[in-house]
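The following note collects comments on the model shown below.

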Amino acid sequence: MDAIEALMTRRSYPRGSLIQPAPNRMALEKILQAAMTVPDHGNIKPWRFVVIQGKGMTDLEGVLRAMYEGQVEDEIYFNRFIEEIINTPMMICVYTALNTDHKVSILDQQLAGGAACEHILLAAHAMGFGGIWHTQETEGALRQMLQMGEEDQVLGVISLGTPKRTSGAKRQSFADYTLEWNQQSGLQPWA
C-alpha cells in the first residue's frame, strides 16, 4: 500500500471489533519506528510509548477499576466497558515526556507526540491492522502505572488488532473546511 492510499483508506475501528492477531514483535517494531519519523522541532522526542498486550491487558483491569471507581453508576455498563478494553489484542499508550526547559514550546512538543499517535495508526493500517485512538485523562492509577512526570499527559491510548471485517470510511470533502486568502479579496470559500 502506498502512502496516499494508506492516508485515504485509514479508518478507526471500535475496540470491540478488533480481534487477534495483533502486530507481532517485528511488525510492532516497524510501527513504532514509523512513529519516530514525525516532525519533531528540536529533535527532543517528547513522547514515550508503552505497549500493553497479553497478560498486561488482564493486569490492566485493576488499574481501570481504580481509575473509574465511583464515577460510573451503571455497573453492567461499566463491566462491559472494562471487558471490551481488556479483550483488546494490544494497546499502545503514548504519553508526553516534556522538556519544560527546552526552547521548543510545550505545544510543539505535544503536537509532535500527537503526530506520533497518527503515525502509529497509519503504519498499522498500511500493514493490514486496524485501530482506534482514544484520549484519556491522566490522573491517579494510570499516571502511577506509567511512571509519568508531573507535567506529562497521555496523548493517546491506541488499540490495535485485526478488524473482524473491514469497511470503507465515509469522508467529507476538504472544500467544506478550506478557505483561500489573498490581500485583495481576503478570506474566500475554496472554489
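1. In helix 2 (residues 25-35), the residues A27, L28, I31, L32 and A35 are buried. Seen down the helix axis, these buried residues fall within an arc of 130°, so they line one face of helix 2; the arc is that of the directions from the helix axis to the C-beta atoms. An α-helix has 3.6 residues a turn, so residues three or four places apart point the same way. Buried here means under 20% relative accessible area, exposed over 50%, and partly exposed in between (1.4 Å probe, protein chains only). Helices (H or I, at least four residues) and strands (E, at least two) are DSSP runs, numbered from the N terminus.

2. The model is a predicted one, in which local features need pLDDT of at least 70 and side-chain atom pairs count only at pLDDT 80 or more, whereas totals for chains, interfaces and linings use all residues. Residues are numbered from 1 along each chain as its sequence is written, and side-chain values use heavy atoms, with hydrogens and water left out.

3. What do the buried residues of helix 2 pack against? Their partners are strand 2 (47-53), strand 3 (90-96) and helix 5 (106-126), a contact being heavy atoms within 4.5 Å. On the other side of helix 2, M26, K30 and Q33 are exposed. At the start of helix 2, a side-chain oxygen of N24 comes to within 3.1 Å of the backbone nitrogen of M26.

4. As to the overall architecture, the protein chain contains six helices and seven strands, which follow the pattern α-β-α-β-α-α-β-α-β-α-β-β-β along the sequence. Of its 191 residues, 38% count as buried. Among contacts between residues at least 6 apart in sequence, 75% join residues at least 24 apart. The C-alpha atoms fill a box of roughly 60 × 45 × 40 Å, taken along the principal axes.

5. The protein chain exposes about 11800 Å², of which carbon and sulfur atoms supply 52%; accessible areas come from the Shrake-Rupley method with a 1.4 Å probe, and for residues only the protein chains shown count as cover. A nonpolar surface patch is formed by I4, L7 and M8, with about 340 Å² of accessible area together. L7 belongs to helix 1 (residues 3-9) and is partly exposed, with a relative accessible area of 46%. Patches comprise residues with over 30% relative accessible area and no salt bridge, like charges being joined within 9 Å and nonpolar side chains (Val, Leu, Ile, Met, Phe, Trp, Tyr) within 5 Å. A salt bridge is a side-chain nitrogen of Lys or Arg within 4 Å of a carboxyl oxygen of Asp or Glu.

6. Leaving aside residues up to four places away in sequence, S17 touches T162, P163 and K164. The C-alpha atoms of S17 and K164 are 5.6 Å apart, although 147 residues separate them along the chain.

7. A cis peptide bond, with omega about 10°, joins Q20 and P21; P21 lies in the loop between strand 1 and helix 2. K45 is not a glycine, yet has a positive phi of about 50°; K45 lies in the loop between helix 2 and strand 2. Q147, also not a glycine, has a positive phi of about 55°.

Definitions and conventions
A polar contact is a pair of N or O atoms within 3.5 Å; within protein, one must be able to donate a hydrogen and the other to accept it, and residues adjacent in sequence count only if both atoms are side-chain atoms.
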